[in-house]
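I opened a new page for today's reading.

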Amino acid sequence: MNTSLHELGLLATAAALAKKEVSAVELATALLDRAAQVEPKLNSLTWQERDVVLAAAREADTARAKGDTRPWLGVPLAVKDVLSVNGQPCTAGSKMLRNYVAPYDATVIARLRAAGCVFVARTNTDEFAMGGSTATSCFGPTRNPWSPARVPGGSSGGSAAAVAARLAPAALGTDTSGSIRQPAAFCGVTGFKPTYGRVSRQGCVANASSLDQIGPLARSVEDAAALYQAIAGVDPLDSTTSPRPVGGVLAAAQQARDLKGLKLGVPREYFIAELAPELAQLTRAAIDQCAALGAEIVEVSLPHVSASLPCYAVLGSAEASASLARYDGMRYGLRVDAPELMEMYDRTRAAGFGDEVKRRLLFGTLVLTSRYHADFYLRAQKVRTLIRQDFLQAFTACDALLGPVTLTPPPRLDAAPDSASARQWGDYCTAGVNLAGICALSVPCGFTADGLPAGLHVVGPAFQDELVLRIGAAYQHATDWHQRAPTGLE
Amino acid sequence: MSDYIASIGLEVHVQLKTRTKMFCACPAHEEGEPNTAVCPGCIGLPGALPVINREAIRKTVKVGLMIGSRISLYSTFDRKNYFYADMAKNYQITQNDFPLCIGGGVTIQVDGQPKTIRVHHIHQEEDVAKSTHLDNSTEVDFNRCSMPLMELVTEPDMANADEVMAFLTTLKQMLIYADISDCNLELGHMRCDVNSSVRPAGATKLGVKTELKNMNTFKGIQRALHYELQRQIEVLRGGGTIAQETRRWDDVAGVTLPMRTKESAPDYRYFPEADLPPIVLDEATIAAWRAELPEMPAARRARFVQEYGLPEYDAGVLTADKAIADYFEAAAKQAANPKAVSNWVMGELLRALGEQGQDITAAKITPAALVALIGLVEAKTINMPAAKEVFQILFENGGDPAAIVQAKGLAQVSDTGAIEGFAAQAIAANEKVAAEYRAGKEPALMFLVGQVMKLSRGKANPQLAAEALRRQLKG
Amino acid sequence: MNPAEKSDPVDVRYVAGLARLALTDAEAAAYQHDLAQMLAFAAQLRQVDVANVPPLQVLTEAQSAWREDVPAPGLSREAALQNAPLVRHGQFVAPKVVE
């Protein structure tokens, strides 16, 4: 059995452990061995310590032998390198935090730890989650498991690649403008960005506080729903979390068989000239599949989609300029010494941050200065209102939206778009969801002629997370795209 | 100075008295070793989020209610961005757009007349860490970081240093009264930025202002203002212009020195703090907080005059400290003669407290015991020296005055027979003094009264002793 | 980009000072160019009619999510200082501050 243990999804892993068909140590060993095989090609992990992982797995096995029946006891998970796990590094893919070891658990980690999970690896990310390629990490770029010459997307590219390459049954990621959904689409896995306020951000290295949200990347919607349900819900340590009950999301996803009675909207603005024809075709086919499952498909409009990226560029950068101010060489992280305080700050930050981070910090600082504040920052906040209203308006005509996740298949690493064009097109389909604070799912919906995965975007109203997952689960029940695995990585 | 008018406004930062910090549950105390009251939040670790302390909001709103502010039913937090060694996040969470309290005023007494200093707003924010500047480095302790502060910003309504002192004293008294803050200046519980400008008498437009940063003693503020206003006047007299700038007070040199000009003033790039939802208050909550407010010092002073028939002076002294006023009132309510209670509190009690360096809570004498003691004096059961002796015992150990008088045998001797005897003895032993009295030297009698007291071991009623002596010396 | 902006370029040194980033001359020139480009991109927002549109400042539906004034354990001093580049007397140490 050992050779195929890494193939098990999240719920299957939990079930196998519960039935004692496999031990946590056997599972962890299989995953460690798998990583040793494929990581030289992928570079999806930033940290994995065999001894630490096996010790945690042994602890889980001991607990089970003593009668511990927690449902996720010994279940291995990979964690994006922006979420604090007590005692593990938390680098955010940055030279700035290369030596930082978190002294506390993020709320999501504390919840999963309490459920019995073993945190087996930390996954690569664009530096401070700023990017769509996982190429700006100080650990070097992660490769796409379906085509190692290509990017896995980002910023949760390490999590998406690791789940696709079977290095963990599931992983946690973060999404500020598409950072879970875009890599999920590029790597052929399922990725879910919950409604803002649904999952606690406590312990998540902040990029932009009003946009960031933690979510699952997994091999199926059911697995994603299970992981989401385990981490969601109000947290007294994150004041922006909603007190609404999470509900039985997993059960709802598991029961989903069709889409009867649902009206699904297709925003025409997503089908622009820049959308690769193959992806348009795959998305249309997926929409047809949804219709076949009983959904009524209607065309809707989101008039301000094209404003969402400039809006995100202004607001995201502005917030990041404050979020990242704390990295100053004083209390943790890199320090480049200087005889005087301000010079120490200047040198430390110059040495610790990469090019894209600096560009965003400078731009975010600029748009908040008194000279530019009204014309850029304040204006962007107003545009954000309009973007949110677009979605609210669309949801009066339908229950959820369908569309592409990305405009193109994963680009080659050596031909990846530069910063400017990435800004212009990278998160075209996804950033609006974060600006509006609503929820969205990326599910695999086919492959290009080159064998590159594509994702179907399911977008739902705020706090309709269960509905979005149900739609995705019904779609996956009728399709098998999500069951395909990349080959030849060994 | 009379040909120039000054306008002074204050930004007063007050550390609120709470058990925990503003945005995390670390204990809010500054004692203890450095960096022992810290958490991921107040040292700014990656990923840590702020959570609002309700008690701090309650206290700030109560200050607003005390000074007649409009309480915002909706208020929000913002980030103020700047780098410094004492900052955990290099932004301070504060309120810029929608502060908790708007408007209001504090009434002070100027030459016996009331004057209201208008308050622009009060907002809530967090304190910075404590940094110790050494020759070649700075050591930083984050125990104080994120302690709750309220910042009260006045209009430029004060005309001189005396009015500033009156304002600060009045404000401090109110804050202590309502248990908002301990207002311990030595611990930095109250810190001020002082904005001042001068203009020629008759001019209506305010002059260019300067700001004195981070003043933390009343004495320093007074000295700095005297210097700064004079400096500005001299600049104007010399035909110069005032630069809009931030200055600092050099207490040793006794001068203010420029720190930075308006042009180099930092751009704080305020923007909404997305980690914190808005504070939404309802009228019921505000009403409940209003109901918790104690009577303010000025109102209490007036009431003491009216209700207890005290002179203005007594009422002022007694209400200066809420605990003293509470003590007085507890005693006065049971006493036949409130003025006697006032005399004892202002006299013996404040003296004893001062000598011991204690506050009233440490005194063992209960208000009821003080009233009983006064009763014994008024009934002439004991004389004043004995009463003071009993007071000292009560102050240190507590107990029942009558029982102490009994146990110590301090009851006055009012038995005229015994007193006549002591008087005769005193005259016999001091013939020369007696002769002086007879010759018309009235003060000599006091000596003889003293002798009678001595013979009675302090217990004789001094009035009766004097009467007996007069009678015998006449005869 | 309108002509007024072209004649009034971004002061990249000023912005880098606020953001506390040391820049070489070459970097300053490169970021100067990038910032101008990013401003031009963001200036697309001027095409959106935002008259009478309120700014979106609060996304969360949570309100007054506050806590009671009850202390909770934080970090031990050892844990608080474990990542610090320089520690003395149990304190974080910064280079001297020049006003």
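I began with chain B and counted 15 helices and 18 strands. Helices (H or I, at least four residues) and strands (E, at least two) are DSSP runs, numbered from the N terminus. The radius of gyration of chain B is 30 Å, well over the 23 Å that the globule rule gives for 475 residues, so chain B is more spread out than a compact globule. That radius is taken over C-alpha atoms, and the rule is 2.2 Å times the number of residues to the power 0.38.

Before going on, I noted that this is a predicted model, in which local features need pLDDT of at least 70, side-chain atom pairs count only at pLDDT 80 or more, and totals for chains, interfaces and linings use all residues. Residues are numbered from 1 along each chain as its sequence is written, chains are lettered from A and ligands numbered from 1 in the order in which they are written, and side-chain values use heavy atoms, with hydrogens and water left out.

I then looked up the box around the C-alpha atoms of chain B, which is roughly 95 × 55 × 50 Å along the principal axes. Of the 475 residues in chain B, 55% are buried (under 20% relative accessible area, with a 1.4 Å probe and protein chains only). Chain B carries 51 positive and 58 negative side chains, with the centres of the two sets 4 Å apart. Lys and Arg count as positive, Asp and Glu as negative, and His and the chain ends are not counted. Each charge is placed at NZ of Lys, CZ of Arg, CG of Asp or CD of Glu.

Next I turned to chain A, where I found 16 helices and 11 strands.

Last, I checked the cysteines. How many disulfides are there over all chains? The count is zero, taking a disulfide as a pair of cysteine sulfur atoms within 2.5 Å. For Cys187(A), the nearest cysteine sulfur is that of Cys445(A), 14 Å away. Cys187(A) is buried, at 0% relative accessible area. For Cys439(A), the nearest is that of Cys398(A), 12 Å away. Cys439(A) is buried as well, at 0%.

Definitions and conventions. Buried means under 20% relative accessible area, exposed over 50%, partly exposed in between (1.4 Å probe, protein chains only).
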